[in-house]
Amino acid sequence: MSDIYPVPPDFAARAHVDAAAYDRLYRQSLDDNDGFWREQAAALDWIRPFTQVSDTKFDPADLRIRWFADGTLNASVNCVDRHLPAKADKPAILWQGDGEGESESRSVTWGELADKVNRLANVLKGLGVAKGDVVTIYLPVIPEVMVAMMACVRLGAVHSVVFSGFSAEALANRIEDAGAKVLITADEGHRGGRVVPLKHNADAAVAAQPSIRHVVVVRRSGASVPFTPGRDLWYDEAVAAAEPWCPPVEVGAEDPLFILYTSGSTGKPKGLVHTTGGYLVHAGTSWRVIFDWHEGEVFWCTADVGWVTAHTYKIYGPLLNGATSVMFEGVPTWPDSSRWWSIIERYRVNIFYTAPTALRSLMREGEAPVQRHDLSSLRVLGSVGEPINPEAWRWYHSVIGGGRCPIVDTYWQTETGAVLLVPIPGAVANKPGMAAKPYFGIRPVVVDAAGTRLDGVAEGNMCFEGSWPGQARTILHDHERFVLTYFAPYPGLFFTGDGGRRDEDGYFRITGRVDDVINVSGHRLGTVELESAISSHPAVAESAVVGFPHDLKGQGVFAYVTLKENIDESEALRREIVDWVRARIGAIASLDVVQWAPSLPKNRAGKILRRILAKVAANDFENFGDTSTVADPAIVGDIVLRRKQTLERESS
């Protein structure tokens, strides 16, 4: 953890923010927070300029989060219209489908995007959608999802994007909670060579949801699907018949922009509400700074549109800045493990943003799939979703980035809306596995269990003092839960639910969810540190660690380990990994159970679903809560089967 990768001098020389600028701007953002964000807000086109920047208070009894509250604007104008004079004929989207061939790629210009947004907005208006109404979007990663989001906000409507891998039941739950009036879906989705029956799922979901009056269906594959006259309409036909201009609706800065659901262990999703003005300011300005984007560069964020990563840094960030973005419908390993690298080569991607879990799975394939492609266009790399272990960081830096690209290891959450901790690439040297320094206006605080603030080198609960514009305002229909979860644990602070460590240089590392800390014989061990130690073994591709009930220790350490390609599972290797971790952390970190796992259960954003792994480790094979987020449910079955087989062997 002590190795440092300095900012390359040639990179710093042309960066938007270098070390001196970072120090100056960060001090300014703390000393005059409102003044700093007022300057950032000038990047947007306002209909009625705001007069007050912020009105915020982190008091559980009187929580207030308001930014630019008396200003008005329209999100689609800021994301699309204002770029047309200079970029109407230039590409906004470079789309690559799951398959190959001409029909599986499209270039959408800014002019074409604007035309489709206006026409779909008129379609939705004709269906009765008005300001404040909710439209649920259940689409794969195709250009129409961006059109749908922008058409909603043009009307002042609220979009609720639901991940296209979710089941009909999960979709129905989110429609019901949001009270959506219209659903936008597709006939089918394609992913990894497989077909996802989106329209069938949509029909099942809306059957018991009377709030849905109409279903707009995009022809992705052209497959024959059920069609309900009077309720359903084809996207292409409706858009072609619509008027090409829809006047944008003026909305208040604190009016809702979107609802985004995250899943909990109880099975009831929580809908985080983000508002318009503050979110757009934070998303747009932070995207430009943290990725150091320059005019003409191509950006690619691999996240699915159903996650906040895609909302902020795949959709809104690039659109607000007039950037060209790659959209890819498929997976990194189909038809082979060089798919991502071929896309980077084809579209000459300059900035690439992905998840550590995806990188670790590709590490298993070795360097050969990477070396078949020219990745020299890459200039900045990014990581998101969970802490990246140092071994994966180094592989990303050396093999993908050729040792020349700074890595933007971003820390943020659905609740925060945009990045809070990040090594700004032209300003902050990289330390593998560390989210580094706070973004402008962000005040990180580490506290112990009692809420005492810890100065200097410290490890504890990761909190933040003072608000920021991109912050979620509430949980839909459950503001009390919002207050109790994030503001009540440590009054005056926003509690992330994560543990954090600050080193001697003021760099932060996220140590994992606080509830993922394992208490072994009175010693608290962070799961991220254990996983990093396991994954540093040359035979290991990735790992996940959870605690489980232990008669002597209180909690034991249960490790799920995925080996690299062509490495055989063996008892000798199991013992070697146990010794490896003890040597790196200490005897207290002895792994009580090592279970081989060819794959780990993840959602489509790449996050490992550790709560499922914890249930299996505790021999609870039924109560998994909400499993609609699991990208490949078969993986859960395999892990359960292996655990049961182990228990049978031990009992015989």
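Burial is judged by relative accessible area: a residue is buried under 20%, exposed over 50% and partly exposed in between, with a 1.4 Å probe and protein chains only. The model is a predicted one, in which local features need pLDDT of at least 70, side-chain atom pairs count only at pLDDT 80 or more, and totals for chains, interfaces and linings use all residues. Residues are numbered from 1 along each chain as its sequence is written, and side-chain values use heavy atoms, with hydrogens and water left out. Helices (H or I, at least four residues) and strands (E, at least two) are DSSP runs numbered from the N terminus.

**First stop: H159**

Select H159, which belongs to strand β7 (residues 158-161). H159 is buried, its relative accessible area being 0%. Next, display Y316: the side chains of H159 and Y316 form a polar contact at 2.8 Å. A polar contact is a pair of N or O atoms within 3.5 Å; within protein, one must be able to donate a hydrogen and the other to accept it, and residues adjacent in sequence count only if both atoms are side-chain atoms. Setting aside neighbours within four places in sequence, the contacts of H159 include V135, I137, L257, F258 and H311.

**Second stop: the cysteines**

How many disulfides does the count come to? A disulfide is a pair of cysteine sulfur atoms within 2.5 Å, and by this rule the count is zero. C79 is buried at 0% relative accessibility, and C246 is buried with a relative accessible area of 0%.

Now select residues 324-328, strand β17; five of the five residues are buried, so the strand is largely enclosed by the rest of the structure. In a regular strand the side chains alternate between the two faces of the sheet. Here T324, V326 and F328 point one way, while S325 and M327 point the other way.

Strand β4 (residues 91-96) pairs with β17 in the parallel sense over four bridges, and I93 has S325 as its bridge partner. Strand β16 (residues 298-301) also runs parallel to β17, joined by three bridges. On that side, W300 stands opposite V326.

**Fourth stop: backbone geometry**

Most residues other than glycine have a negative phi, and most peptide bonds are trans. Go to W334 and P335, which are joined by a cis peptide bond with omega of about 0°. P335 sits in the loop between β17 and α13 (339-347).

A436 has a positive phi of about 70° and lies in the loop between β20 (407-409) and β21 (443-447). H477 has a positive phi of about 65° and is found in the loop between β23 (474-475) and α17 (479-486). Are these residues buried or exposed? A436 is buried, with a relative accessible area of 0%, whereas H477 is exposed, with 64%.

Select helix α16 (residues 390-400), which is mostly covered, with nine of its 11 residues buried. Among the buried residues are W393, W395, Y396 and H397. After α16 comes G402, with a positive phi near 65°.

Then move to R643 in helix α21 (residues 633-651). Lys and Arg count as positive and Asp and Glu as negative, while His and the chain ends are not counted. A salt bridge is a side-chain nitrogen of Lys or Arg within 4 Å of a carboxyl oxygen of Asp or Glu. R643 is buried yet has no salt bridge, the nearest side chain of opposite charge being that of E650 at 4.9 Å. Not counting residues up to four places away in sequence, R643 touches several residues, including F558, Q595, N619 and F621.

**Last stop: A19**

Finally, select A19 in helix α2 (residues 19-31). A19 is partly exposed, with a relative accessible area of 40%. Leaving out residues up to four places away in sequence, A19 touches G426 and A427.

Key
Contact = heavy atoms within 4.5 Å. Pairing = 2+ DSSP bridges.
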